[in-house]
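Try each task yourself before you look at the solution.

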Amino acid sequence: MATRETRSTCPYCGVGCGVIIASDGPTITGIRGDPDHPANFGRLCTKGSTLHLSAAPHLARQTRLLQPLQRLARGGPTHAIGWDTALDLAADRIGSIVQANGPEAVGFYLSGQLLTEDYYVFNKLVKGLIGSNNVDTNSRLCMSSAVAGYKATLGSDAPPSCYEDLQFAQTVFIAGSNLAWAHPVLMRRLEDAKRIHPDQKWIVADPRRTETAAAADLHLPLLPGTDVALFHGMMHLLLWEGMTNPSYIAAHTSGFAELRDRVREFTPRHVAQVCGLREDDIVQAARWFGGHTPTLSLYCQGLNQSSSGTDKNTALINLHLATGQIGQAGAGPFSLTGQPNAMGGREVGGLANLLSAHRDLGNPAHRAEVAALWGVAEVPAKPGKTAVEMFQAAADGEIRALWIACTNPAQSMPDQTTVRRALQRCEFVVVQEAYAHTASGEHADLLLPASTWGEKEGSVTNSERRISRVRAAVPAPGQARADWVIARDLARRLERRLPPRSLDGTTMFPYETAEQVWNEHRESTRGRDLDITGLSYARLEQPQPWPYPSGATSGQTRLYGDGRFATPDGRARFAAPLWRPTAEPREARFPVSLTTGRLRDQWHGMSRTGTLGRLFAHASEPALELHPQELTRQRWQAGDLVQVSSRQGKLVLPVQPSESVLPAQAFIAMHWGPEYMTGLGVNALTSGARCPQSGQPELKHTAVRLVKAELPWQLVAAAWLPEDCVLTTRERLRAMFGRMGYGSCVLFGREPATGLLLRAALGGPADAALLDDIEDALQLAQGPVLRYADTRSGQRRAVRLQADGSLQAFMLAGDLASQGWILDLLQQGQPAAGFGRALLAATALPPLAVSRHSRQVCACHDVSEDSIAAALAHCSGSAQQRLQTLQERLRCGTECGSCLPALKAMVQTAPVGV
Ligand code: SF4
């Protein structure tokens with residue numbers, strides 16, 4: 001069959017890169033960046049460039065939810081049912097709960113990964129048909145503080161800048177964003193800008209020395225939660241040094257006097273003490289911000305995921321308003337969206353406190369407009385429950401049914417103990433998902449198979465307000481259906497079970513295509529700040545930013561250039577927030593500040609990225625990162641298991657030294673959930689404390705206590721497995737986590753060779769049945785396997801060699817002096833036969849030399865840290881010349897470029913070679 005090409009959009013981050021999907025019949029065979037897409041001009045990062053691999057049919061067979069499933073008893077097995085039965089069941093249960101307990105007894109929890117069309121139908125279903133506002137999304141965990149910040153100051157939820165501004169800015173102030181990992185293609189664009197304009201200054205405010213911070217001209221390693229104090233301090237300096245723009249302030253803003261009073265006490269000395277920074281660095285940051293202009297701020301979860309998230313946003317926007325650094329090329333406060341369609345969800349009002357097209361629930365005129373558009377008498381005025389409130393209400397028995405679509409709250413929500421209580425207590429839980437094995441799915445009474453990237457039609461909006469089409473390249477597998485279709489079919493059934501809402505008696509959900517949904521959404525924007533009435537699906541052949549009103553020939557890339565803002569008087573409003581510490585400050589019982597964040601090559605709960613061995617190579621296992629001094633102080637070694645406790649819960653993790661965190665701080669990647677390790681994952685620890693204005697929880701900071709976990713009996717097992725069963729094997733092993741004190745299970749290798757690595761630890765020897773089960777899963781139970789066992793002391797070893805003498809699989813259990821070199825042997829495919837009995841002894845040192853399996857740096861060309869270090873020993877000249885030589889020799893950093901910041905850092909720190 002001929003290869004077909006389909007233009008679409010990457011489903012991961014908010015950069016919104018255009019992709020071209022190659023497909024052959026029902027199979028996606030390739031991916032490349034769309035050279036004509038204005039977000040990425042052909043570039044993709046490690047995640048985007050492996051999309052086709054994650055869509056492989058053999059993976060789909062192991063991971064996808066392919067038919068509706070019903071679970072008759074919680075914790076019990078599921079059985080397949082037909083779509084009509086499933087939707088009738090759902091409508092009966094939702095309908096009867098609404099009839100008996102009112103519309104607020106049901107909650108819908110959606111996702112920033114849904115397409116705008118999906119979001120639109122769900123929002124109308126809940127607010128227009130069911131008659132409550134209990135619809136919220138995981139965008140609440142991601143962007144709601146940015147929404148509240150924009151609305152409080154600029155009057156509208158509209159990021160004023162565009163990606164092109166990266167190349168015009170003289171100063172780029174990056175606050176609470178690890179751009180290099182979270183938005184890699186924007187980092188490439190920023191690197192291009194700096195190459196062309198070497199005097200462009202990068203300031204990074206981040207408690208961690210991330211790869212972004214390491215690449216900056218100035219890194220401000222502020223203490224967690226002190227951002228408002230830093231921004232007030234910079235404002236103080238701008239005033240003191242005469243770098244504000246009084247004529248702009250007078251002509252286009254209000255409220256400056258109160259802010260000026262507020263920042264009076266924020267002297268450099270005071271701010272340095274509060275933030276843990278050097279006074280000189282704060283002064284330098286303010287001078288570049290106000291004097292080396294235009295200035296662009298890029299910010300993300302470090303500001304948003306905070307109990308003072310809105311204040312952090314407004315305090316930063318204040319700096320732009322006070323200096324007039326907004327609405328012109330290279331200037332503006334630019335929030336970066338984490339998810340691919342967080343913006344689209346906001347546009348259709350898919351949050352508990354919003355209505356369609358940026359209308360407000362609290363505004364009676366807005367409610368009347370939406371009711372008229374939908375053909376209903378009214379939409380409810382009472383705000384719905386935001387994400388954390390929704391799960392709390394379910395845990396308290398107030399919400400009796402939860403509908404979860406395209407997200408995994410049992411992994412991603414803070415305070416997992418409450419989330420689990422909510423899922424257990426709810427009378428009816430529906431999980432509408434593409435993937436079969438999410439933690440949330442385990443709690444579902446009904447699982448509905450949804451289509452996903454490569455199979456769906458619709459649209460998304462990226463961080464710069466640019467709307468792109470998402471197109472289907474292949475049909476959805478099994479019985480999976482588009483999310484909006486599932487919502488529509490539920491809605492049509494509910495129309496027959498609930499009191500009539502449609503004023504003309506016809507269905508409110510007449511759509512047969514995604515385009516019809518989008519056309520209705522388009523009409524809802526008429527006359528609004530995001531007016532897209534001049535657009536159509538056909539015009540979206542070329543992605544366009546909003547607004548794009550009727551009669552326009554292109555979308556508007558920059559907003560507020562005329563100094564008129566979306567407030568009633570047209571003036572932007574300064575905010576004067578107080579600085580407040582984190583909700584859980586460090587104290588004697590919880591003396592360590594834990595922060596969370598992204599890994600470079602993983603996405604959220606890893607439902608998709610976690611199916612590819614190669615995407616584990618950069619950060620291969622769950623870990624608690626601590627500063628090396630902290631390890632020395634505690635007398636811990638890398639890999640030691642530590643129990644992390646917060647006020648919310650506990651988690652056991654291996655420690656890993658990292659220079660990127662300061663002493664008394666710790667870091668855990670946000671991706672590690674119960675699908676990959678024992679316990680409830682990182683969010684067992686995080687708190688539901690949230691910003692009072694935005695409702696966004698403080699995922700970025702939790703006070704924790706660390707103690708060594710006493711789990712002396714250890715197990716490490718690894719195997720190369722056939723690609724058509726490696727993921728089902730992982731699920732088998734995951735089901736054994738409950739029998740372990742600590743356990744983790746991850747992939748390794750590059751497709752098609754995929755390996756599985758299991759680690760476990762217990763307080764004493766594991767029972768033989770657990771070891772038998774592990775051996776069986778890893779195909780170590782039968783055949784030519786070398787064995788050693790001492791049942792009294794709980795020692796057991798099993799090793800299988802391949803025909804070529806390399807290791808196929810092993811399991812080492814008991815008191816393990818070292819397992820590292822045996823794992824290296826297996827992962828490197830080195831000959832192992834000569835190691836003889838040492839394989840079973842698991843000695844500390846190998847009897848023969850083994851080449852180390854070091855951390856991967858370049859994912860595209862599989863280049864490791866050790867090989868880069870070895871090559872650098874022979875690279876001479878300037879840093880730029882050495883980088884070039886390195887790239888010529890190893891090809892690292894020549895494909896997607898995601899590893900360039902790491903390569904540059906290695907070049908900077910390595911001795912000049914000969
Ligand atoms: Fe996808 Fe990477 Fe582009 Fe984000 S930067 S949209 S993850 S390719």
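The chain has 31 helices and 36 strands. Keep in mind that this is a predicted model.

**Exercise 1. Work out whether the radius of gyration of the chain agrees with that of a compact globule.**

Solution. 
- Step 1: start from the length, which is 914 residues.
- Step 2: for a compact globule with 914 residues, expect a radius of gyration near 29 Å.
- Step 3: compare this with the chain, which has 27 Å, so the two agree.
- Step 4: look at the box that the C-alpha atoms fill along the principal axes, roughly 80 × 65 × 60 Å.

**Exercise 2. Find what share of the residues in the chain is buried, and what share of the contacts with a separation of 6 or more joins residues 24 or more positions apart.**

Solution. 
- Step 1: of the 914 residues, 65% are buried.
- Step 2: among contacts with a separation of 6 or more, 71% link residues 24 or more positions apart.

**Exercise 3. Decide whether R466 is buried or exposed, then describe its surroundings.**

Solution. 
- Step 1: R466 has a relative accessible area of 10%. Buried means under 20%, so R466 is buried.
- Step 2: look for polar partners. The side chain of R466 makes a polar contact with the side chain of E464 at 2.8 Å, and a polar atom of the R466 side chain lies 3.1 Å from the backbone oxygen of P543.
- Step 3: leave aside neighbours within four places in sequence; the residues in contact with R466 then include H37, P38, Q544 and T557.

Technical notes:
Residues are numbered from 1 along each chain as its sequence is written. This is a predicted model: local features need pLDDT of at least 70, side-chain atom pairs count only at pLDDT 80 or more; totals for chains, interfaces and linings use all residues. Side-chain values use heavy atoms; hydrogens and water are left out. Helices (H or I, at least four residues) and strands (E, at least two) are DSSP runs, numbered from the N terminus. The radius of gyration is taken over C-alpha atoms; the globule rule is 2.2 Å times the number of residues to the power 0.38. Buried means under 20% relative accessible area, exposed over 50%, partly exposed in between (1.4 Å probe, protein chains only). Contact means heavy atoms within 4.5 Å. A polar contact is a pair of N or O atoms within 3.5 Å; within protein, one must be able to donate a hydrogen and the other to accept it, and residues adjacent in sequence count only if both atoms are side-chain atoms.
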